[in-house]
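Welcome! Please take a look at the structure below before we start talking about it.

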Amino acid sequence: MKTSRTVLTALALAFCLTAGAQRNQIIKTGWNIGPLPAIAYDADKGFQFGAILQLYNYGDGSSYPNYKSKWYLESSFFTKGSQLYTIMYDNMDLFNGIRMSAAATASIDKAMDFYGFNGYESFYDYGRIAAGSSGESFLFSPFYKIARTQILSKIDFTGELAENLKWELGYHASYFKIGSINRESINKGKDESQCFPEDQPTLYDLYKKWGLIGENEAEGGFVSALRFGLQYDTRDKEGAPTRGIWADAHMIVAPKFLGTKNPYNRYSLTWRQYFPLIDNNILTLAYRLNYQGIIGKNAPFYILPYQTFIGESSDKDGFGGYRTVRGILRDRVSGLDTFCYNAELRWRFVQFQLWRQNISFGLSVFSDGTMVTRGRKMDYAGPTGGDYLQEMMEHLSYRKQGADETIHATVGAGLRFIMNENFIVAFEYGTPFSHLNKNSSRYNQDGNGAFYINLGYLF
């Protein structure tokens, strides 16, 4: 009983501290500079080292906690071989009430994840991954890797149509260069028994051989696309909302006459809602639902994993990973049409002012999930000469290992440091439900969980 009273007293004190601090928040004005080292960890990319500079302009403070404009610059390197360079500018009122968001990103991945199409239909051999990691055989993880360089750029505009209703229009240009992994680089410094063999094809190599990835798309290409849509927004603030609705619907048109190598059309529907269970930012229930699909029968495989946006947010790479579905393997879920959900309970257990900054710490519990609702064709479409029969049997054996697609769901928790409602550092861990049931045919098909250190809220 004494322990219970102590816990209840501590919780009551935390609620009082948060409520009192919120009423006395400092109104930020002018420019606020946030340089910091980019020292983070992502289970998919490894440890991150680099530098980030965030510049927030709050003007006269009349719009705080929303900023007037923002710059974001990043240069980062990851221990698993990735490099990331980003520059982003967002201005809430650049042209007489019209918001402009522009960004350019270059990402170099020597070993980018590739697990095939249609979620569970593509078998993930976790047993061989674990065996290689424990030294029982060669390291098998390169089997699920590709080399990818991508350059993404955009300029988006948003303007008022009516109260809380906005139009969206943007132009996005992207370049993808894709190929098989560099075995010399992958095997460098490893014992011979741990090296990925020269004669062992990767999944990407097999998909090309079986015709699941066509010659015209296998090495990537240029994408030139127009985006347009509608947005409905009643959030109380952008960086860390506690009440309101944020919904949008947009189309992506990437025709050949604009320069796109492999033309496609795509749509996206997103609904987000925030409920203040306890006011003053203390306890918030938030959720997001997203559905996106391809108009037509096919689209280049390299654009499928992206969750697409217009405005301040940039496209998020991978259904799986920190920015989409926390706790499952990055890019694990890839198909023509996909569904995704995120649900989160956010509790700020303390808020205070320090060095004229509004500081708070928050805890959260969440569940994320995604699934392919319309997949790419997985029938053999490779050459019919030479070793045709053997390749057909290899393809058939691979297909038989897969399972019917269903929801890939996770559960997890996190801690956040929040400064001035916009600068947010997140520490989160998520694990797939498929990892919790050893008797399931999908056991560890989504990996065995992941830990992340990153910036911001998911939505």
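Predicted model: local features only at pLDDT ≥ 70, side-chain atom pairs only at ≥ 80, totals over all residues.

Residues are numbered from 1 along each chain as its sequence is written, and side-chain values use heavy atoms, with hydrogens and water left out.

Reader: How many cavities of 30 Å³ or more are there?
Author: A cavity here is a set of points on a 1 Å grid over the protein atoms alone where a 1.4 Å probe fits but cannot get out, and its lining residues have an atom within 4 Å of a point. Grid points are joined across faces, edges and corners, and the volume is the space filled by probe spheres set on the points. With the cut-off at 30 Å³ or more, the count is three.

Reader: Which strands each supply at least two residues of the lining of the largest cavity?
Author: The largest cavity holds about 130 Å³ of space. Its lining has 14 residues, with Asp 113, Phe 114, Phe 301, Pro 305 and Asp 331 nearest the centre. Strands are DSSP runs (E, at least two residues) numbered from the N terminus, and those that each give at least two residues to this lining are strand E6 (98-113) and strand E7 (145-162).

Reader: How do the residues of the lining of the second largest cavity divide into nonpolar, polar and charged?
Author: This second largest cavity has about 110 Å³ of space, and its lining of 15 residues has Asn 281, Arg 346, Trp 347, Arg 348 and Tyr 457 nearest the centre. Ala, Val, Leu, Ile, Met, Phe, Trp, Tyr, Cys and Pro count as nonpolar, Asp, Glu, Lys and Arg as charged, and the others, Gly among them, as polar. By that sorting, the lining has six nonpolar, six polar and three charged residues.

Reader: How many salt bridges does a search of the whole structure find?
Author: Side chains of opposite charge can pair when their charged atoms come close. A salt bridge is counted when a side-chain nitrogen of Lys or Arg is within 4 Å of a carboxyl oxygen of Asp or Glu. The search of the whole structure finds 25.

Reader: How many residues apart are Lys 237 and Glu 421?
Author: The side chains of Lys 237 and Glu 421 form a salt bridge, at 2.8 Å from N to O. Lys 237 sits in the loop between strand E9 (220-233) and strand E10 (244-254), and Glu 421 in the loop between E17 and strand E18 (423-432), so the pair links distant parts of the chain. Lys 237 is buried at 6% relative accessible area, and Glu 421 is buried at 3%.

Reader: Which residues do salt bridges that share partners join into one network?
Author: Start with Glu 428 and Arg 326, whose side chains meet in a salt bridge (2.8 Å, N to O). Both Glu 428 and Arg 326 are buried. Salt bridges with shared partners make one network of Arg 326, Glu 344, Arg 346, Asp 368, Arg 416 and Glu 428.

Note on methods
1 Å grid on protein atoms, 1.4 Å probe; cavity = no way out; pocket = protein on both sides within 12 Å on 5 of 7 lines; lining within 4 Å. Helix = DSSP H or I, 4+ residues; strand = E, 2+ residues; numbered from the N terminus. Buried < 20%, exposed > 50% of the residue type's maximum accessible area, 1.4 Å probe, protein only.
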